Each structure stands twice: as C-alpha cells, then as structure tokens.
Amino acid sequence: MEIIKTLGEFILDQQRDYPEASGELTSLFSSIRLAAKVLHREINKAGLADITGAANAENVQGEEQQKLDVYANERFKNALAQRGVVCGIASEEEEQFVKFEETKNLEGKYVVLIDPLDGSSNIDVNVSVGTIFSVYKRVSPVGSHVTEADFLQPGHQQVAAGYVIYGSSTMLVYSTGKGVNGFTYDPTIGVFCLSHPDLMIPKDGKIYSVNEGNYIHFPEGVKKYIKYCQEEDDSTNRPYTSRYIGSLVSDFHRNLIKGGLYLYPTSSRYPNGKLRLLYECNPMAYLIEQAGGKAMAGPDQRIMDIEPTTLHQRCPLFVGSPNMVDKLNEFISEHG
Ligand code: P6P
C-alpha cells in the first residue's frame, strides 16, 4: 500500500534533526501551509468569482493591485501573525514592513519576507502563479518591536525559504537548509503530500527563460549568451528551448525539475533589474543553492551575498543549472 508522508509529518521528522528546535519554525510552516490551502481554494475559483478584477489600488511598485493580490497578502499576514513566532513581515504589497504588535509576537524570533502572489497579472488568463517566502531569525532583541534591520539581512542569513505554485496542481516547495522537498496538495483530503523528495537541479539543461522582448536593451554579454543558446551544436545539445511563462515561480519550478536557466537582466525599463532582492531573488537563490544550482546577479555577484539597503530594491537575476550560469557568466565577463 502506498505510504503517504504529509507535510506535517515531514516537518516533525525534520524537527527531530534539530535537537535545539523549539517547534517555532514548525509552527511558522504550519501557518504558511494554512494560508496556501486558503489561497488554493480562492485561486481555483477566481475565474468564477469577482476577485480577479483590479482592486483599484496600486502597490509600492506602482502596479495595479489585483483583488487576489490584496486577498493573498491579508491571508498570509494574518496566518503568520496568529502563531506568535513571527514578529513582523515585509511584503511586495506593503510599502513599509509590518510590525506585529501583540505581546505574543514581540516574543517572536522570526521575520518573514513574502511576495504573496507573484505573477498575479497571469491570473485572469489562467496561467500559474505563486507565493514566494523567505525566513530569517530577527537581529533585534526578542521582546522588542521588529526593526527594519531585521529585514535588511543578506540572503545567506536565511533560515528557510520556499514557494507555493498554484498550477495544474498546487505544490509547496521549501528548504530549511537540509535540501529541497516538494509537496503536492491533495484537496480531497486537504493535505500536502511529499511528492518530490530531495530535489536537485540537473547540472546542465536545455531550457533558457527570458523575456526576449527586452533583447535590444540587454547587456552585450547577455545578448551573446542568448545567441549561443540558439546556435546549432549537437555536441552541446544546442539549440536550447526557449520557455518563458512570465511567472517566476512557474519558470523556476520547471527549470528546477528539468534543468535550465532563468534570466532577468538589467534593461532600459529596469536599469537595476526588475525582480526584488528580498522576497523574490534571495528565496529563489537559497532554494537553488540547496538544490545544487547557482543564483547570480553578475559574474562576481552571488545573489545571497548582496547587502540589502532598502526593502523593495531590485537586482538582476540569473538562476538555475550551475553549468548554464557559469557559461552565461563567461559571456558577461568577456563582453560586459
Ligand atoms: P516581464 C511577475 O511580474 C514577475 O515579477 C515574475 O514573476 C516574472 O518572471 C517577471 O516579473 C515577468 O516580467 O517583464 O517579463 O513581464
């Protein structure tokens, strides 16, 4: 008979690997799991209910907030505040970081940075979207209010990171520093089941993911790499396949499973890159390195070594199979 290992059982098993663990991270993950289940339900009926239309608000990025963006942000914020182990969050949907003021939260040891619904512009065309989260231990004293410094930590300080992908099935993929594991949601029994244990990205791949509409604005080295991907060369499995969904979580997840490289370089519209360091690039970088891959902002700039200065700062992102990242870096080093 098939043995189902649920996310809850997996987390408890992992907690046994951390003798000093006090169960707080376990509690944090259970709140993420709850919010993910609620969002699964809302996203899967979004086409039917009037919650895909713009909420007429704008987020800090100046992007029109879809109602589900707002809904997702509230769901995760409330779930994370409930358990008391989190003292505050930073979110793509919140201009400032959010202090959790209840006494139980002042004692919280963790902060969470989150993109509650990445790729939300895809919702009304029924393309997969995702939630991305990043977890740090606070640096400010337990018992005090959370401070901005708690959020402006470099990515190598993360204690956990993950994403939820709301696609043909809903999956939670995360790491606490001991490898990457994927759980598929079974709505008939309401649990996430271990479906992709010990995920490792192939060292090489045949897929590159980039918005080629920005090609003329890319740095010369990136342009040359894209042409390298398109050249005929059987010995190196080229030409590669171009796959770009416009939803980071979806492109990242496919490349994690099959091997590949996702690129969001600088461009005229985004001179510092489009993606946000704290709640998109760092969590994806943490996951890909745990899965044997690489995440860089440039030839000599590991994403997780960037010292953050502002909550919503952007950076270029090159993430995926290590050999593909290395090849791209060769082109950028040679051609700028
Ligand atoms: P573009 C979605 O807005 C997002 O942040 C990522 O999920 C996605 O990969 C990227 O931006 C798409 O950006 O400029 O290609 O539409």
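The C-alpha centres of domain 1 and domain 2 lie 24 Å apart. Domain 1 spans 7-196 and domain 2 spans 207-335, with bounds from an automatic or database domain assignment. This is a predicted model: local features need pLDDT of at least 70, side-chain atom pairs count only at pLDDT 80 or more, and totals for chains, interfaces and linings use all residues. Residues are numbered from 1 along each chain as its sequence is written, and side-chain values use heavy atoms, with hydrogens and water left out.

- Domain 1 brings 50 residues to the contact and domain 2 brings 33 residues; contact means heavy atoms within 4.5 Å.
- About 2900 Å² is buried between domain 1 and domain 2, and carbon and sulfur atoms give 62% of it. Buried area is the accessible area (1.4 Å probe) that two parts lose on being put together, summed over both.
- On the domain 1 side, I132, L152 and Y163 lose the most area to domain 2, together 20% of what that side buries.
- Domain 1 and domain 2 share 14 residue pairs in polar contact, both at pLDDT 80 or more. A polar contact is a pair of N or O atoms within 3.5 Å; within protein, one must be able to donate a hydrogen and the other to accept it, and residues adjacent in sequence count only if both atoms are side-chain atoms.
- The rule finds 1 salt bridge across this interface. A salt bridge is a side-chain nitrogen of Lys or Arg within 4 Å of a carboxyl oxygen of Asp or Glu.
- R276 and E92 meet through their side chains in a salt bridge, 2.0 Å from N to O.

**Around the ligand**

- The residues around the ligand (a heavy atom within 4 Å) include D118, N211, Y244, L248, Y262 and E280.
- A backbone N or O atom of L248 lies 2.7 Å from a ligand oxygen atom.
- An N or O atom in the Y262 side chain is also 2.7 Å from an oxygen atom of the ligand.
- For E280, a polar side-chain atom lies 3.4 Å from a ligand oxygen atom.
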